[in-house]
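Hi,

Here is the structure I promised to pass on.

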Amino acid sequence: MHTRLDLRGSIPSFIHISDGTLQDVNVLDVLIPEVGAIYVMDRGYLDVERLYALPQALAFFVTRAQSNLDARRVYSAVTDRATGIICDQTITLNGDHSRQHYPAHMRRIRFKAPESGKTRVFLTHNFTLPAATVCARYQSRWQVERFFKWIQPHLRIKPFLGTSENAVKSQLWIAVSV
């Protein structure tokens, strides 16, 4: 179940139910972006061609970078390391395929969480939000995880009334709605 969760009320505004073989990134092909929305995704959705469709639709994304990201720094903004922001950079992708499918600059923010000491690298194309806000937006993604942890024990579907694909999806939608 792939979900777009509206964080203003923790209510799903989009759910795509698929079999377990569909890769997460393919859901971006069926998602219709909302203008001005910020899509916060884990690394499973990182595909530069699909991500580039979001700024074209006047929407934004925040995701974590993969460790093998091939990029070149174009500019570094001044940061206050006391806030956990190690660097805030404008980058361009190096790979021929990546640069062809994402020709614009991207923003790379390296953040060290004070409570855990873990360093995370975030990517976005939103250059107006403060770096700390971008990091906080990604942290808000955990509300989706909490939603699924809550829904598993509360989604009471013991026997399915129908077993066709449409029947199963309908029953899941009804259970989520209730």
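Below is what turned up, starting with the ground rules.

This is a predicted model, in which local features need pLDDT of at least 70 and side-chain atom pairs count only at pLDDT 80 or more, while totals for chains, interfaces and linings use all residues. Numbering starts from 1 along each chain as its sequence is written, and side-chain values use heavy atoms, with hydrogens and water left out.

From the N terminus, the order is β-β-β-α-β-β-β-α-β-β-α-α-α.

Now the rings. The whole structure holds 3 aromatic pairs (Phe, Tyr or six-membered Trp rings with centres within 6.5 Å; planes under 30 degrees apart are stacked, over 60 edge-to-face, the rest tilted). Tyr52 and Tyr102 sit 4.9 Å apart by ring centres with planes at 70 degrees, so they are edge-to-face. Tyr52 is in helix 1 (residues 48–56) and Tyr102 in the loop between helix 2 (96–101) and strand 7 (106–112), so this pair ties together parts 50 residues apart in sequence. Tyr52 is partly exposed at 23% relative accessibility, whereas Tyr102 is buried at 1%.

Phe122 and Tyr138 make a tilted pair, 5.0 Å centre to centre with 45 degrees between the planes. Phe122 belongs to strand 8 (residues 119–124) and Tyr138 to helix 3 (residues 131–139), 16 residues apart. Both Phe122 and Tyr138 are buried.

Cheers

Definitions and conventions
Helix = DSSP H or I, 4+ residues; strand = E, 2+ residues; numbered from the N terminus. Buried < 20%, exposed > 50% of the residue type's maximum accessible area, 1.4 Å probe, protein only.
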